[in-house]
Amino acid sequence: MTPHPPLPRSFVAGGPLAGTMTVPGDKSISHRALMLAALAVGTSRIEGLLEGEDVLATAAALRAMGARIERLGDGVWQVDGVGVGGLLQPQQALDMGNSGTSTRLLMGLVASHPITVTFIGDASLSTRPMGRVIAPLAQMGADITASPGGTLPLMVRGICPAVPIEYTLPVASAQVKSAVLLAGLNTPGITRVIEPVATRDHSERMLRGFGAVLTVEHTDQGRIIAITGEAELRPQSITVPGDPSSAAFFAVAASIVPGSDVLIANVGLNVTRTGLFGALRMMGAEITRENPREVGGEPVADLRVRHAVLRGIEVPPDLAPSMIDEYPILFVAAALAEGRTLARGAHELRVKESDRIATMAAALRAIGAAVEEFDDGLAITGSGGAALAGGATIATRLDHRIAMSLAVAGLVSRAPVTLDDASPVATSFPAFFDTLDALAGGRV
């Protein structure tokens, strides 16, 4: 993918945010919907797909391996799958852009197919470790050659038949779990993943929905997820709910900008993804669920968020798996709260699109927040609702969540907060700035 030229953008405090908004389709579900549809025999339809760069990278990779994927005029995506075991040898390296999810899950798919695939990515993705995915896939028989440090560029030589394994996750990771389960689709026998700490379960829900034989057992060891290969997947019609990770930015913005009242429609509220909303409520946020319902097997509701006085808390470490992508925006909420917020137990933040602990610590200090950094999180002493100083240019480090978090921080800063590059936001929320403009009445 061609790198974007830097796109600076500034934000500063104004009036309240108000109105009704929607967020893009859930990124995690969008990736998985495309992948499983590509492995089904027949035609699947997907509504509400996130059309950000990360998901489009997944679509392009699947096309390169034989699936027919097209966007229809009404915004519905149609996928004609090749069947489990039917992925074809791509003619060139698969460019994953900035998408770690695409890379790790597709490595799992490829591992149990008799093809060889090279994965490449942008500068940010090429620093992210893949070793935790390589280890179980190698146990299944795949031959994987990575760059020094276990990074991209990386080549996967798949094997068929692969060997079913029982694998205990050394760290909580939905991506590693999903990679092993996806490899298990085309592996004769039963492949098991044991997760001592539960992570988001979109893969399990969707695999069952497509017809895979999958069981989940709760034991003293943790959740044992077992998938039976070789699977036959049936095409589906899927509606993707709104992404709670994208909704998080507006939930925090409405909570900390005085006078705000925002309705975020159609938000997916899978319990494995709602840690941020729970943490905000612990801080005193006024968040209510309206019109709860189920869409495509996932719980969904509209979220009404009004400005509230937030209080510093000690964030329970066991919330980390259900809010790992939301820590950057939680740190912004903490910077405006009364008292001290301690958020630890999130080592995974060090190996995201950027080192999100170090990057957010530096950014918040630059705009006037009091921050203490630990190896697994931050302690932040908040302003008690007073505006932050602002007046700094922030290095977003090709990280969409850093960019969106600091844009929200700018809404409560006396002097402008400038992003050195706002373009990474397109990876997950292309309409983020337009949505913010609309809620702010065009002021931002």
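The protein chain carries 35 positive and 43 negative side chains, and the centres of these two sets lie 2 Å apart; here Lys and Arg count as positive and Asp and Glu as negative, with His and the chain ends not counted, and the place of a charge is taken as NZ of Lys, CZ of Arg, CG of Asp or CD of Glu. The model is a predicted one, in which local features need pLDDT of at least 70 and side-chain atom pairs count only at pLDDT 80 or more, whereas totals for chains, interfaces and linings use all residues. Residues are numbered from 1 along each chain as its sequence is written, and side-chain values use heavy atoms, with hydrogens and water left out.

As to overall dimensions, the C-alpha trace of the protein chain spans about 60 × 45 × 45 Å along its principal axes. For 444 residues a compact globule would have a radius of gyration near 22 Å, and the 21 Å of the protein chain agrees with this; the radius is taken over C-alpha atoms, and the globule rule is 2.2 Å times the number of residues to the power 0.38. Of the 444 residues, 59% count as buried, where buried means under 20% relative accessible area, exposed over 50%, and partly exposed in between (1.4 Å probe, protein chains only). Among contacts (heavy atoms within 4.5 Å) between residues at least 6 apart in sequence, 77% join residues at least 24 apart.

The protein chain has twelve helices and 23 strands, which are DSSP runs numbered from the N terminus (helices H or I, at least four residues; strands E, at least two). In soluble globular proteins, nonpolar side chains tend to be buried together. A nonpolar core is here a set of buried Ala, Val, Leu, Ile, Met, Phe, Trp, Tyr and Cys residues joined through side-chain atoms within 4.5 Å. The largest such core has 80 residues, of which Ile 264, Tyr 327, Leu 364, Leu 406 and Phe 432 touch the most other members. Leaving out residues up to four places away in sequence, Leu 364 touches Phe 331, Val 332, Ala 335, Ala 369, Val 371 and Ile 380. Apart from this core lies another, of 68 residues, among them Met 96, Val 110, Ala 183 and Val 240.

Phe 432 also belongs to the buried residues of helix α12, together with Phe 433, Thr 435, Leu 436, Asp 437 and Leu 439. Because six of the eight residues of α12 (residues 432-439) are buried, this helix is largely enclosed by the rest of the structure. Its cover includes β1 (9-11), β2 (18-22), α7 (244-256), β15 (261-268), α11 (400-410) and β23 (413-419). Gly 441, which follows α12, has a positive phi, near 70°.

Helix α4 (residues 131-139) holds Ala 138, which counts as partly exposed at 37% relative accessibility. The buried residues of α4 are Val 133, Ile 134, Pro 136 and Leu 137, and what covers them includes α3 (100-111), β8 (143-147), β9 (151-157), β10 (166-168) and α5 (174-184). Just after α4, Gly 141 takes a positive phi of about 115°. In the loop between β7 (116-120) and α4 lies Thr 127, which is exposed, with a relative accessible area of 56%; its C-alpha atom is separated by 14 Å from that of Leu 349, 222 residues apart along the chain.

One runs from Leu 152 to Pro 153, with omega near -5°, and Pro 153 has its place in strand β9. Another runs from Cys 160 to Pro 161, with omega near 5°, and Pro 161 is in the loop between β9 and β10.

Finally, Thr 359 in helix α10 (residues 356-366) is buried, with a relative accessible area of 7%. Beyond its neighbours within four places in sequence, Thr 359 is in contact with Ser 354, Ala 395, Arg 397 and Ile 402. Arg 397 is in the loop between β22 (388-394) and α11 and is exposed, with a relative accessible area of 52%; its phi is positive, near 55°, in a residue other than glycine. Leu 398, in the loop between β22 and α11, likewise has a positive phi, near 60°, and is partly exposed at 36% relative accessible area.
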